[in-house]
Amino acid sequence: MTTAEISALQAEALAEIAAAAAPDAVEALRVKYLGAKNGLLPAMMKGLRDVPPAEKPAFGQALNALRSAVSDALAARKDAVAAEAAPREAFDFSLPGNWRPVGSIHPVSEVIEETTRIFAQLGFTVADGPDIETEFNNFDALNTAKHHPSRDARDTFWLDPERLLRTQTSSVQIREMLAHKPPVRIICPGRCYRRDTTDATHAANFHQIEGLYVDVVPVSLADLKSTLAHFAREMMGPSVQVRFRPHFFPFTEPSVEVDFSCHVCKGKGCAVCKQSGWIEVAGAGIVDTRVYEKVGYDRECYGYAFGMGVERIAMIKHGVTDLRLLYANDLRYLREFL
Ligand code: PHE
């Protein structure tokens, strides 16, 4: 065998390897050329013995080169064939990415959390009360006359003659005062229920945040107003105005309704504030001494109370004109608040 024949064999082997299309074919060629038993190259290596000594070095070198060329080609082809056999993953880079839903806080919960934070800074703790209340906590102890229209079955959801779905979080004032001596400084966020026909600004189930501060030292309407003004500015921004209008509640005297200047139009008049520039957000007042009597407090206590409409605040904060949108559970709408 001459070196020329060796290069011819190399060319033939490489061509065969390049043409091998499957892992089996590559393996068969490995056996054919490199196989320890009958492989061509090991046989040729053995034949080296019969080569005249002068030609041995060149011949040996040529054989070594042939062997490494063949084994390199086999290894490369093996990888290539395996890669071709693997299922191809088609990836379309123009496809939109996967949307991962991220939850967001509902505007009503957001107002409750924010309000809790603001009042916590003023030393108010959070109190809780049940949605199902007694007539005593919801009406009697709040000095509501026996025949007050709010007690009527057309306004209140009665469960039985003594129990009802609370119409106001003011019932928690009573629970707190019955359980604790003054000073009491609490807020109470929670659900309320009234037989209201649902419209853009009313719902049969809505949220209030009650506030109550009772102390043995004087607490005035001015304290109430400055506290609510502080709250309004923290909640809505520094330019918001707060005004009190005289009103009546059986459990406060004097009583007021509390308006915030409209956050959406800055008081100029818009759909959210019904062109008035103001939005009613709370009822409030100085706690009536008759309430103290009902809970066994000293008549000489001083205190204020307020009850804010959570949905109202959420509406002015976000410029929502129809309260029903907050409860329609339409994700397209709720995602606006992400
Ligand atoms: N509970 C009253 C309402 O629902 C609001 C209020 C709370 C008024 C506390 C005065 C004091 O309308």
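Mentor: Gln168 places a polar side-chain atom 2.8 Å from a nitrogen atom of the ligand. The model is predicted, with local features needing pLDDT of at least 70 and side-chain atom pairs pLDDT 80 or more, while totals for chains, interfaces and linings use all residues. Residues are numbered from 1 along each chain as its sequence is written, and side-chain values use heavy atoms, without hydrogens or water. Ser170 also faces a nitrogen atom of the ligand, its polar side-chain atom lying 2.9 Å away.

Now the helix pair. H2 spans residues 23-34 and H4 residues 56-85; their axes come within 9 Å and cross at roughly 170°. H2 is therefore roughly antiparallel to H4 (over 145 degrees). The crossing of H2 past H4 is left-handed. On the H2 side, the contact (heavy atoms within 4.5 Å) is made by Pro23, Val26, Leu29, Arg30, Tyr33 and Leu34. H4 contributes Arg67, Val70, Ser71, Leu74, Arg77, Lys78 and Val81. Sorted by class, the contact between H2 and H4 has eight nonpolar residues, four charged and one polar.

The loop between H4 and helix H5 (107-121) holds His106. Beyond its neighbours within four places in sequence, His106 is in contact with Leu326 and Leu334. The His106 side chain reaches the backbone oxygen of Leu326 at 2.7 Å.

Notes
Axes are lines fitted to C-alpha atoms, for helices over the stretch in contact, and angles run from 0 to 180 degrees between N-to-C directions. Helices (H or I, at least four residues) and strands (E, at least two) are DSSP runs, numbered from the N terminus. Angles under 35 degrees count as roughly parallel, over 145 as roughly antiparallel, 65 to 115 as roughly perpendicular and the rest as oblique. A crossing is left-handed if the near helix is turned anticlockwise from the far one by less than a right angle, and right-handed if clockwise. Ala, Val, Leu, Ile, Met, Phe, Trp, Tyr, Cys and Pro count as nonpolar, Asp, Glu, Lys and Arg as charged, and the others, Gly among them, as polar. A polar contact is a pair of N or O atoms within 3.5 Å; within protein, one must be able to donate a hydrogen and the other to accept it, and residues adjacent in sequence count only if both atoms are side-chain atoms.
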